[in-house]
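Welcome! Here is a short briefing to read alongside the structure shown below.

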Amino acid sequence: MYSAAIEEKQLAVQAGEIGLDGFPMLTVVDGCWVKRSYRNNYSSLSRTAAIVGFQTKKVIYMGVRNRYCMVCSRAAAANEQADRHCCSKNWHGSSSSMEANIIQEGFMKSVAMYGIKYTKIIGVEIAMNTRQF
């Protein structure tokens with residue numbers, strides 16, 4: 001992901017897409033690869049999302065949110081305390097907010113991780129419908 005971000009950054013610099021603060025400004029795509037519930041459930045226990053560079057079509061940032069951990073779940077069912085483990089549960093909010101949180105996290109970390117700013121985002125559905133992506 002780092003090399004993809006640097007490649008995208010170089011293309012932005014070459015195109016003169018630099019903000020007043022000196023950071024390259026990128027257009028990115030909200031790329032998500034998860035089965036959606038299509039307005040009937042919204043209770044997925046796990047979601048992933050990715051930010052993809054518009055120019056290179058490469059993944060720049062990716063995140064996973066899980067509302068479930070097998071070890072914790074089994075311990076709770078047995079009314080016991082879970083043994084020390086590497087817990088996969090990293091989300092306590094609603095299922096429908098997981099994806100947005102991952103994208104927000106990617107935006108917030110872009111300067112620290114890569115020295116870039118995402119200034120425009122294209123949703124996957126829009127990009128596919130208009131054949132931009």
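Which residue in β3 stands opposite A50? The residue opposite A50 is M62. This is a predicted model, in which local features need pLDDT of at least 70 and side-chain atom pairs count only at pLDDT 80 or more, while totals for chains, interfaces and linings use all residues. Residues are numbered from 1 along each chain as its sequence is written, and side-chain values use heavy atoms, with hydrogens and water left out.

**The sheet**

- Four strands form an open sheet in the order β3-β2-β1-β4, with mixed pairing; strands here are DSSP runs of E with at least two residues, helices are runs of H or I with at least four, and both are numbered from the N terminus.
- Two strands count as paired if DSSP finds at least two bridges between them.
- At the edges sit β3 (59–66) and β4 (117–123), each pairing on one side only.
- Strand β2 (residues 46–53) pairs with β3 through seven bridges in the antiparallel sense.
- β1 and β2 run antiparallel and are joined by four bridges, whereas six bridges join β1 to β4 in a parallel arrangement.
- D30 stands opposite I51 in β2, and its bridge partner in β4 is G123.

**The core**

- Five of the seven residues of β1 are buried, so this strand is largely enclosed by the rest of the structure; buried means under 20% relative accessible area, exposed over 50%, and partly exposed in between (1.4 Å probe, protein chains only).
- The largest nonpolar core has 13 residues, and those touching the most other members are L26, V28, I51, I60, Y114, I116 and Y118.
- Such a core is a set of buried Ala, Val, Leu, Ile, Met, Phe, Trp, Tyr and Cys residues joined through side-chain atoms within 4.5 Å.
- Helix α3 (98–114) is among the elements that each supply at least two residues of this core, and the largest share, three residues, comes from α3.

**The salt bridges**

- The structure holds four salt bridges, each a side-chain nitrogen of Lys or Arg within 4 Å of a carboxyl oxygen of Asp or Glu.
- One of them joins the side chains of K58 and E7 (2.7 Å, N to O). K58 lies in the loop between β2 and β3 and E7 in helix α1, so the pair ties together parts that are 51 residues apart in sequence.
- R65, E105 and K109 are linked in a network of salt bridges.
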